[in-house]
Amino acid sequence: MKNKIWLILKYSYQNKIRPKKKKDGTYKKSSPLNALIAYLVPAVIFGASLSPILYMMFKDLNIPFSQFGIDLPWSMLDVVFSMWFLLMGFMFFINYSPAIVANLYESDMTQILLSMPLKRSDIYISSAIDSLVMAGLPLGMMIPVFVIYAIIAKTNIFFSILAGLGYILILLLISNLGGVLFSKFLTKTSAKRMTMIMYFISIFLYVGITNIIPRIMENASPAQVAESLKKLSSLLLNYAWPHTWVILTMKGNFLALTMLLSVIIILGYIVFTISNSLELTVSRKKGKKKNYEIKFKTSRFPAIKKDFKLLFRDSQTFFLILYPVFLPLIFVFTSSGSDVMSFVFIMIASIYAAMLSIFSISYEGKIWPMPKLFPISMGNMIFSKIMLPILIFSIEYIAIALLSFIFGKATWVIFVMIIPVITLIVYSSVLGVSMYLKNPKRDLSQKNIIKGKEVMYLEGVIMGFSFGIFIPGNLYILSFENPQLKSKFIDFLFDSKLLYHLVGGFLPIFLLILIIYLTGKEINKVKERMLKWE
Amino acid sequence: MIKAKNLVKKFGDFIAVDNVNLNIKSGEIYGFLGPNGAGKTTTIRMLTGTLKPTSGEIEILGMDMKKNEIKIKANIGVVPDEPKMYENLKGSEFIEFIMNIYEVDKDESKKRLDEICEAFEIDYLDSFIGDYSHGMKQKLMVASVLMRKPKVIFLDEPTVGLDAKSAKILKMLLEKYSKEGATIFLTTHILEIAEKMCDRIGIISSGKLIAEGTLEELKALSKTSEKQSLEDLFLELTGAGELDDIIKEL
């Protein structure tokens with residue numbers, strides 16, 4: 001059984017790797033482990049970045065409630081970490097359950113595997129393990145949280161490892177049960193979308209919590225924090241929660257350990273039994289509306305309307321659209337430096353504009369040569385791919401600029417930056433399309449449409465322009481009203497006023513003119529390349 | 001209606017279509033047959049404007065493909081060999097997109113669409129295309145073309161993925177449309193379809209149009225005097241006559 005599960009997993013991961021073509025035309029064989037590592041790297045980075053933050057935040061919180069005269073067997077640390085365990089457990093569940101549905105119940109491979117001499121439980125288990133990569137982020141975060149809690153609470157290592165493994169196992173089993181349940185009402189498309197949306201919600205939750213919580217905790221005394229958290233303790237550390245058993249097990253409580261193990265065994269038995277009798281197919285659901293009820297609307301720009309729908313419905317592109325707004329908003333509402341917002345926005349949005357135009361054009365690549373049959377010119381089709389990211393990110397920037405001017409402490413400089421922001425986004429969007437069209441016959445079966453080298457080029461060029469325009473430009477404009485800033489800026493530039501004007505004033509303008517010139521060049525390349533796309 | 005003169009398509013050194021000439025009249029059903037890799041799809045792709053010929057001329061509905069590509073595309077319908085559609089659109093949204101991009105009369109098309117949907121049992125327009133099976137997609141693709149009632153229809157293996165009832169309905173509809181003046185150009189591996197439906201048949205092999213004519217005219221080309229089926233004739237003409245030996249070897 002083990003070998004068969006491993007065999008299924010091996011080829012599943014192999015399928016996730018894009019083979020590299022060598023100069024002699026043959027393909028370089030890559031290890032399936034590379035795919036696994038590529039999926040887990042973001043989780044490890046998030047996890048690693050979380051550890052010091054958590055340690056610094058909570059190192060002094062191992063104070064029993066009894067010290068504050070509260071008659072509860074917990075410490076402040078337990079309450080805080082129970083929140084983390086609950087949050088991550090929830091994140092794990094919302095990520096992993098739909099991932100199982102998307103990966104297992106409607107995968108084309110599942111139907112092929114079902115025709116092979118394999119047990120249903122083998123197929124199920126291998127697919128459930130395979131789906132784990134989608135829940136890598138909360139899993140990656142969970143490990144450092146356990147370690148930090150164990151260090152601060154000074155718990156027994158043996159019990160801590162046992163409890164940690166137990167919690168992961170219990171979450172796996174609950175999520176699997178959830179997956180079985182979801183498969184009853186989720187279709188392939190909705191499961192896929194739900195998986196990705198949950199993944200991104202996890203990122204938003206993580207970024208939000210790690211940015212906002214430290215600021216809330218900054219000015220609160222341990223007694224104040226304890227008082228507010230005490231009210232939550234009865235809810236968060238209720239004995240019905242599996243994480244409560246985990247915390248107790250880490251403290252060496254045998255009853256909690258027995259409870260943990262018993263539930264694991266029972267859930268394991270249920271999941272294994274169900275998995276052997278699963279049909280492993282989702283019944284196709286018919287639409288709610290009858291055909292004659294469907295009204296068809298007239299649109300003057302059907303291609304743009306269609307592209308707009310596709311961008312907002314693809315969970316990956318939906319993330320690319322939302323993220324540049326999300327992070328600057330945290331800056332607006334939590335930090336005083338609202339002018340930094342334009343830089344944070346453009347650093348993200350300029351790269352994402354290219355990615356968005358690439359994704360948008362890849363939708364046509366996926367159904368090629370169908371789009372060539374439509375009675376519209378290639379120019380019109382491509383125009384929509386370039387225009388939409390420009391439109392989306394320009395509106396986002398203007399909205400954030402207004403918000404940070406009204407609610408934050410941004411100055412008028414943020415509005416001056418509208419022109420360079422849009423200029424860079426236009427270039428980025430055109431560059432993305434041009435890059436895609438350089439080789440339109442791409443492998444679109446994987447998520448990474450563009451190659452690593454292309455990503456590096458894109459990021460290098462666009463980030464270079466962002467740094468060159470927005471840092472000196474912002475400082476130069478702000479220095480007009482701030483003599484202190486001006487003298488610091490001049491000091492930094494070897495005390496040269498000439499350099500101050502050259503770097504702060506001339507360089508951004510020169511780079512903007514260069515971008516306009518390069519945009520024209522890329523547009524010509526796009527025109528040339530789109531005609532060759534057959 | 002469909003004219004091709006000295007049509008050639010080269011991919012590097014490989015000649016996929018070699019000097020093909022076609023002249024298909026209004027109201028005609030033309031079957032385009034050939035073994036795998038013979039150049040059928042490449043020819044259709046050139047005739048429908050998705051692939052540029054290396055040389056040669058194409059005229060559809062009396063218009064030159066080089067000069068009137070968009071106008072031609074607006075007046076023809078194509079059912080490709082693979083029903084590829086935007087997976088994140090609902091069936092109804094795809095239909096709406098097609099109606100708008102082809103600028104068709106909405107009421108007339110909707111009426112025809114309802115009839116086609118009823119005939120093909122398409123009751124899933126409110127679901128996402130990504131959730132469709134191959135057959136469901138194929139039926140939607142056929143419906144999106146037929147609702148426009150184009151003057152020229154190209155179909156590349158149209159019955160693949162369709163159930164027997166849907167395939168029969170499609171065949172009947174194509175015959176009806178051809179009687180009303182539409183030109184049908186179809187490729188198929190099911191020789192029975194070509195035998196029963198097509199007014200004329202063209203056989204392509206290794207990029208060359210090796211035979212063309214009515215069924216009777218093609219039968220006259222046979223070297224053997226026996227009464228042959230289209231299948232026997234096709235195998236004889238495309239050089240796949242030594243099947244008995246191959247089967248024995250297996």
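A cavity is a set of grid points where a 1.4 Å probe fits but cannot get out. The views below come from a predicted model.

**View 1. The largest cavity, lined by residues of chains A and B.**
The volume of this cavity is about 100 Å³. By the rule used here, there are 3 cavities of 30 Å³ or more. Chain A contributes A:M370, A:L373 and A:F374 to the lining of the largest cavity. Lining residues from chain B include B:K73, B:I76, B:V78, B:I98 and B:Y102. B:M141, B:S144, B:V145 and B:R148 also belong to this lining.

**View 2. Elements and residue classes around the largest cavity.**
Which elements give two or more residues to the lining of the largest cavity? They are α15 (370-373) of chain A, with β6 (76-79) and α5 (134-146) of chain B. α5(B) provides the largest share, 3 residues. By class, the lining of the largest cavity has 9 nonpolar residues, 1 polar residue and 2 charged residues.

**View 3. The second largest cavity, also lined by residues of chains A and B.**
The second largest cavity has a volume of about 80 Å³. Its lining takes A:P302, A:K305, A:K306 and A:K309 from chain A. From chain B come B:L89, B:E93, B:E96, B:F97 and B:N100. Two elements each supply at least two lining residues: α12 (302-313) of chain A and α3 (91-101) of chain B. The class count for the lining of the second largest cavity is 5 charged, 3 nonpolar and 1 polar.

**View 4. Packing of helices α18 and α21 in chain A.**
Helix α18(A) spans residues 418-438, and helix α21(A) spans residues 497-532. Their axes lie 9 Å apart, at an angle of about 30°. Angles under 35 degrees count as roughly parallel, so α18(A) is roughly parallel to α21(A). The crossing of α18(A) past α21(A) is left-handed.

**View 5. Packing of helices α7 and α10 in chain A.**
Helix α7(A) covers residues 157-182, and helix α10(A) covers residues 242-250. The angle between them is about 165°, with 8 Å between their axes. Angles over 145 degrees count as roughly antiparallel, so α7(A) is roughly antiparallel to α10(A). α7(A) and α10(A) form a right-handed crossing.

**View 6. Prediction confidence in chain B.**
The mean pLDDT of chain B is 88. In this chain, 96% of residues reach 70 or more. Among the elements of chain B, strand β4 (residues 55-60) has the highest mean pLDDT, 94. Helix α10 (residues 243-249) of chain B has the lowest, 70.

Notes:
Residues are numbered from 1 along each chain as its sequence is written. Chains are lettered from A and ligands numbered from 1 in the order in which they are written. This is a predicted model: local features need pLDDT of at least 70, side-chain atom pairs count only at pLDDT 80 or more; totals for chains, interfaces and linings use all residues. Side-chain values use heavy atoms; hydrogens and water are left out. On a 1 Å grid over the protein atoms alone, a cavity is a set of points where a 1.4 Å probe fits but cannot get out, and a pocket is an open set with protein on both sides within 12 Å along at least five of seven lines; lining residues have an atom within 4 Å of a point. Grid points are joined across faces, edges and corners, and a volume is the space filled by probe spheres set on the points. Helices (H or I, at least four residues) and strands (E, at least two) are DSSP runs, numbered from the N terminus. Ala, Val, Leu, Ile, Met, Phe, Trp, Tyr, Cys and Pro count as nonpolar, Asp, Glu, Lys and Arg as charged, and the others, Gly among them, as polar. pLDDT is the predictor's confidence in each residue, from 0 to 100. Axes are lines fitted to C-alpha atoms, for helices over the stretch in contact, and angles run from 0 to 180 degrees between N-to-C directions. Angles under 35 degrees count as roughly parallel, over 145 as roughly antiparallel, 65 to 115 as roughly perpendicular and the rest as oblique. A crossing is left-handed if the near helix is turned anticlockwise from the far one by less than a right angle, and right-handed if clockwise.
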